[in-house]
Amino acid sequence: SQELEQSPQSLIVQEGKNLTINCTSSKTLYGLYWYKQKYGEGLIFLMMLQKGGEEKSHEKITAKLDEKKQQSSLHITASQPSHAGIYLCGADKTGTASKLTFGTGTRLQVTL
Amino acid sequence: KAGVTQTPRYLIKTRGQQVTLSCSPISGHRSVSWYQQTPGQGLQFLFEYFSETQRNKGNFPGRFSGRQFSNSRSEMNVSTLELGDSALYLCASSLDRSNMNTEAFFGQGTRLTVV
């Protein structure tokens with residue numbers, strides 16, 4: 001079974017709308033990473049969360065980690081075409097960021 | 001500050017051949033991890049090197065190997081290539097501070113096609 005579940009698998013939103021992507025782990029994590037990937041390219045680092053209850057924001061993207069450090073959400077406010085891509089959450093179970101386990105990804109399309 | 005650099009970006013090889021991919025981490029980063037990404041299996045951890053030693057290993061056959069040099073640059077090698085080895089290979093580097101989570105940054109990847 002997948003240790004890290006991501007939902008939804010795909011999302012189509014109209015430009016300007018808000019959206020949320022969820023990432024759930026069956027185990028407590030040392031850290032949770034969010035990345036964005038354009039098809040066939042490398043991963044762009046978005047945010048890293050490591051403390052229970054932590055919340056970080058960058059531009060229009062906010063990520064939260066729950067108190068138990070097993071669930072995270074990524075929220076995009078007023079989506080834009082530039083937000084389109086695949087969003088991946090990665091779980092750090094070693095505390096060193098050197099061996100991440102990834103979710104299956106959420107493909108986001110933003111329509112005009 | 002330069003990011004993680006992977007070379008080459010694209011590669012086409014024939015079944016049975018071997019291939020070597022290179023990764024130069026961000027300056028000062030001593031940990032380099034390798035991942036394989038395929039449509040069917042997603043993003044999977046291959047192995048990690050720290051201070052020229054393999055520290056973590058994923059669940060891949062012995063045909064997949066790697067090494068790290070004193071300047072932290074890393075190479076991964078795949079021998080006796082199979083069609084199923086076609087994938088995007090990504091490397092990530094991190095600072096690795098003891099007892100503290102650090103950010104892991106990825107390169108652009110090497111797209112390997114085995115024909």
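Student: How do the residues of the lining of the largest pocket divide into nonpolar, polar and charged?
Tutor: This is a predicted model, and in it the lining of the largest pocket has 10 nonpolar, 18 polar and four charged residues.

Student: Which residues lie nearest the centre of that pocket, and how many line the pocket?
Tutor: The lining comprises 32 residues, and B:Gln37, B:Thr38, B:Gln41, B:Gly42 and B:Leu43 lie nearest the centre. The space inside comes to about 740 Å³.

Student: Which strands supply at least two residues each to the lining of the largest pocket?
Tutor: From chain A these are β9 (85-92), β10 (100-102) and β11 (106-111), and from chain B they are β4 (31-38) and β5 (42-50). With four residues, β5(B) gives the most.

Student: What makes three of the residues lining the second largest pocket count as charged?
Tutor: The lining includes A:Lys36, A:Glu59 and A:Lys60. Lys and Glu belong to the charged class, so these residues are counted there. The rest of the division is five nonpolar and four polar. The volume of this pocket is about 180 Å³, and strand β5 (residues 43-49) of chain A provides the largest share of its lining, three residues.

Student: Why is the space lined by A:Glu3, A:Leu4, A:Ser25, A:Lys27, A:Ala91, A:Lys93 and A:Thr101 called a cavity and not a pocket?
Tutor: The residues you name line the largest cavity, which holds about 40 Å³. The count of cavities of 30 Å³ or more comes to one. By class, its lining has two nonpolar, two polar and three charged residues.

Student: Why is A:Ala63 called buried?
Tutor: A:Ala63 has 0% relative accessibility. The label requires a value under 20%, so A:Ala63 counts as buried. This residue is found in strand β7 (residues 61-65) of chain A. Beyond its neighbours within four places in sequence, A:Ala63 is in contact with residues including A:Trp34, A:Met47, A:Leu49 and A:Leu74.

Student: Why does B:Gln6 count as buried?
Tutor: Its relative accessibility is 5%, and the cut-off is under 20%; B:Gln6 therefore counts as buried. B:Gln6 is found in strand β1 (residues 5-7) of chain B.

Student: How do you know that the side chain of B:Gln6 makes a polar contact with the backbone nitrogen of B:Cys91?
Tutor: A polar atom of the B:Gln6 side chain lies 3.0 Å from the backbone nitrogen of B:Cys91.

Student: What makes strand β8 (residues 74-78) of chain B mostly covered?
Tutor: Five of its five residues are buried. On one side these are B:Ser74, B:Met76 and B:Val78, and on the other B:Glu75 and B:Asn77, so both faces are covered.

Student: Which residues of β11(A) form the covered face, and which the uncovered one?
Tutor: A:Thr106, A:Leu108 and A:Val110 form the covered face, while A:Arg107, A:Gln109 and A:Thr111 form the uncovered one. Side chains in a regular strand alternate between the two faces of the sheet.

Student: In what sense do strand β2 (residues 10-14) of chain A and β11(A) run?
Tutor: They run parallel, joined by five bridges, and A:Gln14 has A:Thr111 as its bridge partner. By contrast, β9(A) and β11(A) pair in the antiparallel sense over three bridges, with A:Tyr87 the bridge partner of A:Thr106.

Key:
Residues numbered from 1 in each chain as written. Chains lettered and ligands numbered in written order. Predicted model: local features only at pLDDT ≥ 70, side-chain atom pairs only at ≥ 80, totals over all residues. Heavy atoms only, no water. Buried < 20%, exposed > 50% of the residue type's maximum accessible area, 1.4 Å probe, protein only. 1 Å grid on protein atoms, 1.4 Å probe; cavity = no way out; pocket = protein on both sides within 12 Å on 5 of 7 lines; lining within 4 Å. Points joined across faces, edges and corners; volume = space filled by probe spheres on them. Contact = heavy atoms within 4.5 Å. Polar contact = N/O pair within 3.5 Å; in protein donor to acceptor, adjacent residues only side chain to side chain. Pairing = 2+ DSSP bridges.
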